[in-house]
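Here is a short report on selected helices and strands. Keep the sequence and the model side by side while reading.

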Amino acid sequence: MNMNLKGLFALIDIDVPENFASLEFPSHLATDSRDVKQGDAFVALEGEKTDGHKFISQAIDNGAALIIAKKGKGSNISVPVIELGDPERDLALLASRKLKAHKLQEVIGITGSVGKTTTRAALQLVLGQKFKIHAPERSFNTLIGCTSTIMAMPLETEILILEFGANKPGEIRELTDYFPPTMSILTAIAPVHLEGFGDVEGVLREKLEITHTAAMTSIVFNNDNEYLHEAFQYVVKSMGVGESKDSDFVIAFDTSDYTLPALSFVLAHRPTQEIARFTANIWGKHNAMPLALAASVGHELGISLQDCADSLEKFQALPGRGRVILLEDNTKFIVDDSYNANPASMRASLETFTRVKASGKIAVLGEMRELGPDAATYHENLTPLLENIEHVILVGSLWPEHKGFIRVGKWQEALEHLRTIMSNNDWSGVLVKGSNSIGLSNVVKEITE
């Protein structure tokens, strides 16, 4: 598969101009001109809000060495250009055929309503000790995101890890058809993107599409999730992970109180009675599941649970995904959980926050987006968890009115109130969580700086 542009695009019957046919495909592919670095390929996509062809010159200024454009839109460009009828799907087909020719040991697909990226990051640590792996550099869980990951895959790769995301029906099946996994991980089913799926059953149907491929050899799933438990209880090739005693891999906690910043739990493989303690620098009991799922896959591929645990001691939570920032000689902390939020993840994070033994806690919570007509009810259902938090700042109109809470419209207003509360210096911890579009990552950045 170490072929030039001519040989590579011949896989999808596309002729490449002879003057640059001998060039190799760049090692990085970008769809946002702002992400382009020297030597990259830039794919100009026509979106609902903007047309990537408008930013070709910016991509070239940033160092793009190859442009992928729609037919008829690639003229008068100073670097090599390949025109395609449908750049997104033609490149996906190219990546699919490259993947098929590569003959990897495993292709692991991760999907679910929450925890995909944390699971992927943990899996990289676990499998990296034994295999040559390749994975997305960020949360690239769309068709073009998976395509970009595969096009950058080194020749020596043995195991490929992909994230499969979806906002509407049919997207997981499309990803599975192009890039069929041999192993799948299902993290959880929760009320997410309900504007596209209608209800949680719609979410479940969509996520299960990842298993509908002849290439699949095993399925690892969250057995504590009622939807997945029901879906896989009679599937022979599946392995359940969770606190339930009928799980193949059983998670156990010593106590309901947590010592920051480390998460600690025990994972046991019931069939062999193998057991190991896991400790990692990440926020909350709910994040034991992504780590346990990663360890379960590692165990399935021949890595002992203890070796998995040793690898995950190095785990560092990603920005916005349960990262704990310690301040003032570790006497105060900020939890950066700002990347995303849905009813399940918001509840889990709040339950952990309320159980931490500390006084003067502050919660800055952004509203949860894309929940459909019942969005206000989902927010209302979380308010009992807020009663025992000293200071609550709510961002967005979906939160209910409450005389004990501060409610604002934008993250900038939340930041002002937070600074006022923190200036009294009688606080111990801050939890920041909300849908990414609310912009609460800016609050974390401002207060930590």
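## A parallel sheet

Start with Leu-29. Its bridge partner in S2 is Ala-41. The model is predicted, so treat this pairing as part of a prediction. S1 and strand S2 (residues 41-43) run parallel, joined by two bridges.

These strands belong to an open sheet of four, in the order S1-S2-S3-S4, with parallel pairing. Strand S1 (29-30) and strand S4 (81-84) form the edges, and each pairs on one side only. Strands of a sheet pair through backbone hydrogen bonds.

## A helix across the sheet

Helix H3 (residues 87-102) lies across S1, S2, strand S3 (66-70) and S4. H3 runs at about 120° to S3.

Helix H12 (residues 343-355) has 13 residues. From first C-alpha to last, H12 reaches 18 Å, close to the 18 Å expected at 1.5 Å a residue.

Which residues of H12 are buried? They are Pro-343, Ser-345, Met-346, Ala-348, Ser-349, Leu-350, Thr-352 and Phe-353. The buried residues of H12 pack against strand S15 (332-337), strand S16 (361-366), helix H13 (375-380) and strand S19 (429-433).

## Two crossing helices

Helix H14 (residues 411-423) and helix H15 (residues 441-448) have axes that come within 9 Å and cross at roughly 35°. The crossing of H14 past H15 is right-handed.

H14 brings Trp-411, Leu-415, Leu-418, Arg-419 and Met-422 to the contact. H15 brings Asn-442, Val-443, Glu-446 and Ile-447. Of the residues in this contact, six are nonpolar, one is polar and two are charged.

Conventions:
Residues are numbered from 1 along each chain as its sequence is written. This is a predicted model: local features need pLDDT of at least 70, side-chain atom pairs count only at pLDDT 80 or more; totals for chains, interfaces and linings use all residues. Side-chain values use heavy atoms; hydrogens and water are left out. Axes are lines fitted to C-alpha atoms, for helices over the stretch in contact, and angles run from 0 to 180 degrees between N-to-C directions. A crossing is left-handed if the near helix is turned anticlockwise from the far one by less than a right angle, and right-handed if clockwise. Contact means heavy atoms within 4.5 Å. Ala, Val, Leu, Ile, Met, Phe, Trp, Tyr, Cys and Pro count as nonpolar, Asp, Glu, Lys and Arg as charged, and the others, Gly among them, as polar. Two strands pair if DSSP finds at least two bridges between them. The expected span of a helix is 1.5 Å times one less than its number of residues. Buried means under 20% relative accessible area, exposed over 50%, partly exposed in between (1.4 Å probe, protein chains only).
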